[in-house]
Amino acid sequence: MSISSTTSAGFRWTTSSQKSRAIQPRPLQNRESMHDFFLPVIQSALSAAGITTEKPIQIEQPSDRKFGDFSTNIALLSAKECRKNPRELAGEIVRHLQFPADTVGRIEVAGAGFINFYLTPAFIMRFAEQVLREGYDYGKGVAGKGQKAIVEYVSANPTGPLTIGRGRGGVLGDSLANLLETQGYAVTREYYFNDAGRQMQILGESVKLRYLEACGCPVDFPDTCYQGDYIRDIAGTIHAEHGSSLMDSDLLPFKNTAESIIFTSIRKTLKRLGIEHDAFFNEHTLYTPDEGGVTENQRVIDQLRAQGFIAEYDGATWFLTTKLGQEKDKVLVKSSGEPSYRLPDIAYHITKFERGYDMIVNVFGADHIDEYPDVLEALKILGYDTARIKVAINQFVTTTVDGQTVKMSTRKGNADLLDDLIDDVGADATRLFFIMRGKDSHLNFDVDLAKKQSKENPVFYLQYAHARICSLLRLAVQEAGFDEASLPEAGSLEKLTSPAEIELGFAILDYPDMVKTSLRLLEPQKMVEYLHTLAEFFHRFYQECPILKAEPDISRARLFLCLATRQVLRNGFRILGVSAPESM
RNA sequence: GUGCCCGUAGCUCAAUGGAUAGAGCAUCAGCCUUCUAAGCUGAGGGUUACUGGUUCGAGUCCAGUCGGGCGCACCA
């Protein structure tokens, strides 16, 4: 369970530990989180006090630190059960609490019966030392160790360049994948697409019409076709290469060329945001018969039929969701003989199970909200453990340009392109804007605001903290011969006791729990907020405490606190996919 | 009509059922001969859309009402 002492962290830091006056490994506790630090102690206190309760022991951080660094409401929760006054009960529990030495300094009963814990400064500062030992391993956990996870995101069919709206899911998915990796999961980032459907036919048509136009033929370009300029560009490319020789060709070469060009551009755009998928799953493989001549789609039908959930009527094949309490059955195979999108979707998810994923995360937009329950129902009927599937739905993005709210449509070609946005505000601001709001909130992307390279842009606040530390350390190295790779003497950070220092130390202590919470809620946004708090405490510390100008011992300790802060910022930035500039 | 999401400060948004509802931006007042002022300190700004309910405790959970978004195809 320990992430602090004998894990891989120890190996990673062996080199620097050896050449410096290494602090002795001084594990805090074998713990996964502060919750796990408090839990056993409180449990023992309860049993020592003869209190039995069904209620869960909750460890929370009070909104105001004057109510303690951590607190528990167990006395409030269990008072009724125990038929005792909550405060009295709390007092009994407190009398039996036994924490390890020099961890919890003060315990008090407050309010209606809260038990508040105050950590000792030394305990808090030991986390900063831990950060320095562990580096990028600080905040990692083992919940996913030995497990495989797949995160499916973006999954746009190659019908056009990525729009701003698509970016939200892309960044959300990518950050979730990063979060999963911190907890030890082996993560596959997958992109699911279909280059065979109706939309792709329309794409081929659109390109061909523009091509004919380029050849000088008058064409009537219907508004069912893709209106965007990129269609003309692609047609122009084809015309430049083939002249008018394809005028009598069918749609295929147009479709194929368009697909290839568009897919390349999509991947290029994603890469600018640091998003690179490990796997591209073509839906069409589910339509391809295996050696026995059976497709994955067919297998789904057969298996659902065996369970009594398939019927044919009106010329189509139906998934009998009415048997599950829904209002209507759902078409799986159209009367044309083609599967509807639901069928391959079910088959696709079966492959995720068959490929052995323990954790399956799907990221998609609110327009798919009605689809996934059917998929889950089907999987359940077929005996798959749908608890492994986590669905992260992000609400839509509207953009505000010149104060006007714009609704976007790829078909109409009026959508703002993700590429243009990245050109304007850079990859960091783009990523941060997408995840600085909860995924359930409708995101109002104010393009004008995002374009401003000013302090209004939240990314600068975070990055500035990092750049400031780097600048400071450059000076420390140059002028005081400070060794960035060295580690502090054990306990040397305990000299730092001012409020600003303790607050900063506490924020550092909080990081591992924040990572876990963020993943549990599938909300990278929590990390943005956390990092903002961390940066805020750092800026305050920087303002109040002279670092290079303090007396040597203190100066050195503060430099290590800076180093620890920088490391935590870096770890957090890495999850969010935001860069850590050395200077600004 | 119906399913899901949302409604919190002027604006954009936070707040695992907890204690006095918080940030940023904007507004106002201070802080740079001193480690990066893209920073810090302070002030003002709220009937958490509305009405009931659940309980020690509700912005949070439940019911209803109002308002906005997205779905509700033999499109994906």
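Trainee: Which residues line the largest cavity?

Mentor: Arg-168, Leu-172, Asn-394, Phe-434, Ile-435, Arg-437, Gly-438, Lys-439, Glu-523 and Pro-524. A cavity here is a set of points, on a 1 Å grid over the protein atoms alone, where a 1.4 Å probe fits but cannot get out; lining residues have an atom within 4 Å of a point. Mind that this is a predicted model, with local features needing pLDDT of at least 70, side-chain atom pairs pLDDT 80 or more, and totals for chains, interfaces and linings using all residues, while side-chain values use heavy atoms, without hydrogens or water. Residues are numbered from 1 along each chain as its sequence is written, and chains are lettered from A and ligands numbered from 1 in the order written.

Trainee: Which elements give that lining two or more residues?

Mentor: Helix 7 (164-182) and helix 14 (418-435); helices are DSSP runs of H or I, at least four residues, numbered from the N terminus.

Trainee: What does Ser-471 sit by?

Mentor: One of its polar side-chain atoms lies 2.9 Å from a phosphate oxygen of RNA strand B. Ser-335 uses a backbone N or O atom, 2.5 Å from a base oxygen of RNA strand B.

Note on methods:
A polar contact is a pair of N or O atoms within 3.5 Å; within protein, one must be able to donate a hydrogen and the other to accept it, and residues adjacent in sequence count only if both atoms are side-chain atoms. On a 1 Å grid over the protein atoms alone, a cavity is a set of points where a 1.4 Å probe fits but cannot get out, and a pocket is an open set with protein on both sides within 12 Å along at least five of seven lines; lining residues have an atom within 4 Å of a point.
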